[in-house]
Structure formats: C-alpha cells, structure tokens
Amino acid sequence: MRDDELLGRDRERARLHAALRRLATGSAAVQLVGEAGIGKSALLAELAHRAAAGGALVVRADAAEFEQDRPYGPLADALEPHLPLLDLDALGPGHRASLAAALPALGAAGGISRPHVHRAVAALLDLAAAAHPLVLVLDDLHWADPETAALVGHLVRSPGRGRVLLAVAHRPLPPGDLLAARLDRAVATGSADRVELGPLDDEAATALVATHVPEGPARDALLRACGGNPFHLRQLARSPRGVPGTVTGTILAEVATLDPAAAALLRGAATVGDPFDLDLAAVAAGQDPDAALDALDTLVAAALVVVGESPRVFRFRHPLVRRTVRGHTAPGWSARAHGRIAAALAAAGARPEARAPHVAQAAGLGDRDAARLLVTAADAVVARSPATAARWLADALRLLPGAGAALRHDLLGRRAHALTDAGRLDDAVATLREILALGAADRTAVVAACARTEYLRGRPVAALELLDAEPSAGARERAVLATERAAITLPADPVRAAEHAAEAVAAARYIGGRALRTRALALQALALVLAGDPRGVAIAGEAAGEVADSGVAGTEPVPVGRAVWTAAADPADTLRWLGEALTLLGRPSGIDHLRRGLDLAATGPAAVSLRTALGFALARQGRLPRARLQLDDAVDHARLAGSDELLAQALTVRCHVRTWTGDLPGALADGRRAVDLSAHRRDGVGAAAAMFLADALLQAGDPAAAVDTILDGAGGPELALLAPALRADGAAVLAEAALATGRVALARAAAGEAGPGTAAGEAGAAGGAGPGAPGAAGGARPGAPGAAARGAAPAVPSPVLRARALLAVHDGRTDARELAAGARTPLERLRARLVGADRAELLAVAEAADELGATTIAAAARAGAAGRALTDRERAVAELIAAGHSNRRIGAELYLAERTVERYVSAVLAKLGAPNRAAVGGLLRGGRSAAPG
C-alpha cells in the first residue's frame, strides 16, 4: 500500500480499528460506503493488514461488474483457497452438501436452497474462526450477484457465534434494494457499523497531488475537477499532457502506450474477469503461453495489473481500469474472445454453468446447441441462484427467435418459475402473460399460476379478477379456477373458500380427475375446519384416503427448473392443505404429510408455506426447538421470495414460538413486523398477527397493550376478523390480558363468547388457523380432537377453559383446577397446570417446560414458586414496580425511605429471577396466576 493512499482518513481508520477490537468478544460487521474511487478499497486493505498483523485469518474477495452470472463468485474466490486447512467433516454432512452449492471446489451440488447455503456458510466461518479470529473482506459489493448479496444480508442479520468480522464496501445502493435494507437494519440495531466516506478536504487533496503537479493554475484546475476524490486525483495527476477531461481519458492514454500483444492480453483479461487467470486471459486474447508471459510483464510494469493472491492469478489496478478497457473493446473481438473461452472450458470438461456466461456472449441466433447448454446450466443453478437461471433462460430464448410455440412456452414457463423463486414477482407475472399471449395450450393452468403470483405480490383482488375474467368452458377448467379462487379467498372468508373448493371437487368428480379432486378435497377440508364447520372432519378423512390410494404421498419431486403450471401435476399444495387440516384436528399424521410436501417443494413460495405449516404443527406437539428451526427457514425463504404475504405468515407463527421459548424481544419484533405487513388488509392475516403479538405483549408484561392490539387488529371484542377456528385462542388471550388490567367485565365477556360456540368444537376452535394456508397464520395454543371428531356434542375449547379458570381464581372460587383440566396439547396442559398450583406443582411444571424448551412457561412457574417466598411488603413493592413506578414514587405510596425501597427492589428481583424492572410485571402475573384461590 502506498503511503499516500490513506491521507486524510484518520477518523475512518479509527472506526475500522474499533471494529477489529470487537472481535475479542464475538462477531462484528463494518460497512464502508462511498462513490467510486473515494478510497474504500484502500481502507479495506489497511483493515486486512492490521488484522493479519494481529494474528487474524484474513480472506478477501471482490465482486466484479461483469460477473454477476457467477453465483456466490466472490465467496468462492475468498474461501476456496483455505478449504484444505479446515476439517470440513466437523460441519456434518448436511452443511457440507449445502456448501458445495456455493463453493464449486467441493463438487457439484443441485437442489440446495439458498437459506441452507447461508447457514452452511455461517457455520464454515465459525469453524474457520475456531483457532484464530477471522476477517472476511468483500469489496465492490454493489456488483455482487444476487446470491452473494443475499448471503451478506443473512450474515449481518444472523451473525454466527465465532469471532468473525465481516467487512464490506460498496457504492451507495439504490432505494428499495434488499441488501441495503438489511444493512440499514443491522446498523440500526447496533450489529454493524457504517463508515461513510466523503471527499478529501483541501489539505489532504493538495498533499496527494503535490509531488506530481506543481503549485499553480494546473493544480488548482485539477483539484476543482476531482472534487476531493483520491482515485481521480491520482489518475489525472499521472497524465503527461496536463489535466485531461476525464479519468477514462487517462486510462485510455495509458493503454495507448502498450504494444499490440500487451494490449490484446489486457483486453483478454478484461473479458475473463477480475481477478483473472493468466492462461484463460491468453486464450481469450488468442495468444500462446510464452507470448502471454511477455505481455504480462509489460502490463505489470505499467501498473495496469498487479499480482494476485494465487499463482498465475492477477488483478487490475482498480475496477475502473477493467471497466474502461472492456467498455472500449470492439464487440466483435469480445464475442470471439468469449467463444474461445467457452471452447477452452468445454475441452477442459468444465460444467455447463461455468461455460454458460461465455456461451451467452458468443453464440449467434439459431444456435440450438448453445441454447440447450444454457437451459441445462439454468436447471443446474436454479435452486441456489434462480436469478442467474432466469438470465440464462432469457439468453436461450433470444437465441431461438424462430422456435415453435410449444418450445417457447416451455422456456418461458421455466423462466417464470425461476423469476418467482428469485422474488422477482412482477417479472414473473409479465412472463406468464407473455405465455398467455402465445396462445398457451393449457391456458387455464397458466391463468391460475398468474393469479397465484398476483396474490403473492399482495394483490388478492387483482388475482380474483383475473380468475373471474377467464371463461371456464369445461369441467377441468372449472376445477382448476375454483381451486385457485378457494386458496385466494381463504384468509378473508373461509366459508366462501369452502364453497369454491366444493365446486372444484364436483367438477373434478365429473371428469374423473383424481389428482384435481384430491387437491380440491384437501383445500375444502382446511377451509371447513377454519370456518368451524364439523363437516371438515369427514372431508379431511376422505382427502387423506384419496392421498393414500392415489400415491400422491409417494410422488417423485418435480424436477428443479421445470415449469409445472398444471394443478394436477403439483402435489405439494395438496399435501400442505391436508397436513394443515389434519394438524388442526389433532392428527399426528399431519406432520408426515407436511414433511412429504416439503420434500417435493424444497424451494420457492411453496417451501415457505410448507415450512411455516410444519413449524406450527411441531409447536402444537410441544417440539418447540424443531419448530423454531423450520420457522427460521420459512422467514428466510419468504424474504428471498419477495412476498410480504408469505413473510407475514411466517413471522406470525414464529412470533408464537418465540413467545413460548422465552425470546420475547424476538417475538415482539416478529409480531410487530407481521402486523405492519398486514396493515393494508383487514382480514384473517392481520387478525392472526395481532392475536399473536397480543399474546407476546401479555407474556412480556404489557397486558394493556395486549388488549389494545387484539381489539384493534382482530375486529373488536367479538374478534370478528379472526377465522372462527381462531376465535377461542383469541378470546383466551383477550380474557387473560383484560383480567390482568382489571377489566374483569371484558374478560368475562371474552371467555363467555368463546364457549362452545365454534361448530367444529375443540378440534377446530382450539386449533388455530393453518399457518401455511394463504393468510391463515396459525393457531395460538391448539387443542386435540374433541367431541366433534367423535360425533358427539362439541366441547368447550381448552384455551377458554383456562381463561375461565383464571377468572375462577380471581373470584376466589375453588373450581379453578377442575376447569383447567381439559387441556390437551402439551403447551396448553403446561399453562393449565399453572392455574391454582402449589409450590411443588409449579416446580414440576418448570421441569416439564424445560424439557419442551418452553422457557416462558418455565420462567412463569419458577416465578410463581418464588413468589411464595415474597413477604407481604415485597409483594406490595413488586406490584408497584410492575405498575411502572419509580423508587421515589413507591416510597411515597408505602411510606418508606428511598434506600429502604432499593433494598426491597433488590430482593424482589432476586426472588423472582427478574433480569430488570420491566420483567417484573410478567413474572409477577405468572406467580399470581399460579396462586391458589
């Protein structure tokens, strides 16, 4: 590094050094932002040098402007040279297989979803940092491929446990950019530091050019022209003809002094990449190896390229040098160079995805072999890099302008699939409409797919209008369109959704379409259960029988990249809807169907819904840690899918699981985000989010906010916006929160309203909405099959029984324990056991909750047990702490000196195990709920 490269950057260097010091205690992240040439790369080099001198392992890579077709390219450049030094077996086979999707050196990999790659990379970084701190440096991130950008977003949002510093640099990112949003959130939460680089001041700028340009008019003009940009100052100062008009001009002037061989190698290198392999650059230039070595010496002597970090690998002096050279290379020369590279890679046995970027640049119209290779390459990368797959499919379509309608339909369908998985939903809809304009043979199925994508975009009205405008000439068309109407209508009106599904079942039966009928039956069962209709039990049983008899559960996964728009060919939705319905009815087989559905749809929007549903089902069985893993996956997939609808559903259910695993700050963040995402619609989506957020607020010790949240978001005291199957859960949350705030009449009304009112009985009412269904975001504390499933009169849902038991405790009645005894699911049983329990029972509940990972219940039980040890005076102090009073106010209320209050506060915190004053309310309420009547 030259001495002048850090002139005027003392303040920025201090910020970077502070980030390095944070490595002593854990992970850290730092972000450098500034215009091209402002000095970001120099500061990163200084950081890397200082980290290496301090004993850290430094790995570095740059994103390149013309290499966005290389999924995870910068990551592979940075990490692959270090793989031989790591014990990859320590990661486990799952992570190792996922890493192969990002690091080609580990072998070919297909069908690996991006969230799995992200977690595997995070695990690899932790492994690399086991012995020494690790600094991962990524420069020019604004040029990164979408997969690398998404990975960086994951790493800053979910840093690992190792001593890893992530240092990234980029130019200002456009508004709305997903990576920019994640970096902004990381800075806002304190998990990353942002260093914004501005122009050099006059003193530093003058010092930078003083040795090249003497004082006078020329220097003054130079300083004015460059505006404090250090790269521009250096580049223009090196011009032998004074101050040229642009930086590009000075670079071209340097290139003009080269001999023809050196200039050709420079063009070849610009075609290959940055950094570039010397041998491949020679191939691009059409040079033999000896001539290339001589030309390389010339380029290094001219300081246009510099030595890289690996043998026979070199870099451009600055990305602007490569950009200028490439931008001034004749297009014909460039196309022939790409052709030579593609041929060399093919001769070396390179995989299609390595050859595709060059084939796309070299192939001419009508080249069917090239188009075939691009499609093969797209299929190979679509799971881990759908955006790249979509580009290569577009290239294949460009090469075949005269292809028949069937072939174009197939390629456009594949591209729509890739665009959907990439989260480019607007482009996916446009591509589907292009298929329709071609006169698609299966028009109805394409219309249904287009409507589904419109729903994912948050446009359910537009989706329904599209379906309603489509004529349904035959029974098959009616079945397909009615099923889509049912799926889109489900969150706002499960009763109407059940009617649409019944129409689809009838049409499918008429034509003997078993797969269509089974699909519609599964959706009808879910809609009926959500609507509280007892017929849902029988319909779910019929659908389960159809699935077993037809072999849907044994269907092979759909080949990745295929455009399968026909409803009959995609069993993942069938298995999801059936799995949700069975889960709500308390049938363990629901999980089996959801897992099989996930095997068939490991990526894309379907995977989000399936993982959300599976997380909910696991939570119902008390398997909270496993549920959390599925929901983390669901949230990551939803963010990548670009659908606020799917993200709201996943966050809603994760809010519920976080609430009961003790992660109340995370639960509140998820719940608030889900409510915000659903604010534009007043239906079951937003109502379920509000209910879960209210539950989290209640457990966090803010029952007043819980009451306000559920009343506002779920449709008032009647909870009219919640699906009928959710109202028992919502009523229990409302009753408990209202009771905690002294609004006893509201609590009684809530507990009474939700009595035996839902027609599906406990099977439906205690179940909660199926989280994977569009807008059905899951249930709070679901029960098990009740009397309705057995053909008897419906029972009172167990959440309501618990609410009534709490009222019994409040009234001083002796029947609290008896009322609470009807709970059936693991979480509900534990919560019911808290009511009216003695100290021994509370400690037993705490142990049982620990086994399930239900940290919140365990804490409430222990707080209740500890609350027995509170003296009357300590309890009075605790009540006032919970009310938000200061020590001075407490002293005034109880006629105590402030120092005395301090001692009581310390005793209360210690006995309740409260980490701070804010936690006392929730813990004290748990103890009070457990107190005998």
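Trainee: Which residue stands opposite Val313 in S8?
Mentor: Asp277 is the residue that stands opposite Val313 in S8. The two strands concerned, S6 and S8 (residues 313-316), run antiparallel and are joined by two bridges. Two strands are said to pair if DSSP finds at least two bridges between them.

Trainee: Before we go on, what kind of model is this?
Mentor: This is a predicted model, in which local features need pLDDT of at least 70 and side-chain atom pairs count only at pLDDT 80 or more, whereas totals for chains, interfaces and linings use all residues. Residues are numbered from 1 along each chain as its sequence is written, and side-chain values use heavy atoms, with hydrogens and water left out.

Trainee: And what is the strand order in the sheet with S6?
Mentor: The order is S6-S8-S7, an open sheet of three strands with antiparallel pairing. Strand S6 (276-277) and strand S7 (305-307) stand at the edges, and because each has a single partner strand, one side of each is left without a neighbour in the sheet.

Trainee: How many helices and strands are there in the chain?
Mentor: The chain has 47 helices and eight strands. Both are DSSP runs numbered from the N terminus, helices being H or I with at least four residues and strands being E with at least two.

Trainee: Which strands form the parallel sheet?
Mentor: Five strands form that open sheet, in the order S2-S3-S4-S1-S5, with parallel pairing. Strand S2 (57-62) and strand S5 (193-196) are its edge strands, each pairing on one side only, and the twist averages 15° from one strand to the next. Angles here run from 0 to 180 degrees between N-to-C directions, with axes being lines fitted to C-alpha atoms, for helices over the stretch in contact.

Trainee: Is S1 buried or exposed?
Mentor: Six of the six residues of S1 are buried, so this strand is largely enclosed by the rest of the structure. Buried means under 20% relative accessible area, exposed means over 50%, and partly exposed lies in between (1.4 Å probe, protein chains only). On one side of S1 the buried residues are Ala28, Val30 and Leu32, and on the other they are Ala29, Gln31 and Val33. In a regular strand the side chains alternate between the two faces of the sheet.

Trainee: What does S1 pair with?
Mentor: S1 pairs in the parallel sense with S4 over six bridges, and Val30 has Ala167 as its bridge partner there. S1 also pairs in the parallel sense with S5, over four bridges, where Glu196 is the bridge partner of Val33.

Trainee: Which helix lies across S1, S3 and S4?
Mentor: Helix H6 (residues 146-157) lies across those three strands, running at about 135° to S4.

Trainee: Switching to H22, how many of its residues are buried?
Mentor: Twelve of the 14 residues of H22 are buried, so the helix is largely enclosed by the rest of the structure. Among the buried ones are Val446, Cys450, Glu454 and Tyr455. What covers the buried residues includes helix H20 (405-421), helix H24 (475-489) and helix H32 (644-660), where contact means heavy atoms within 4.5 Å.

Trainee: How far apart are the end C-alpha atoms of H22?
Mentor: They are 20 Å apart, which agrees with the 20 Å that the 14 residues of H22 (residues 443-456) should span at 1.5 Å a residue. The expected span is 1.5 Å times one less than the number of residues. Just after H22, Gly458 takes a positive phi of about 85°.

Trainee: And what share of the 933 residues in the chain is buried?
Mentor: Buried residues make up 57% of them.
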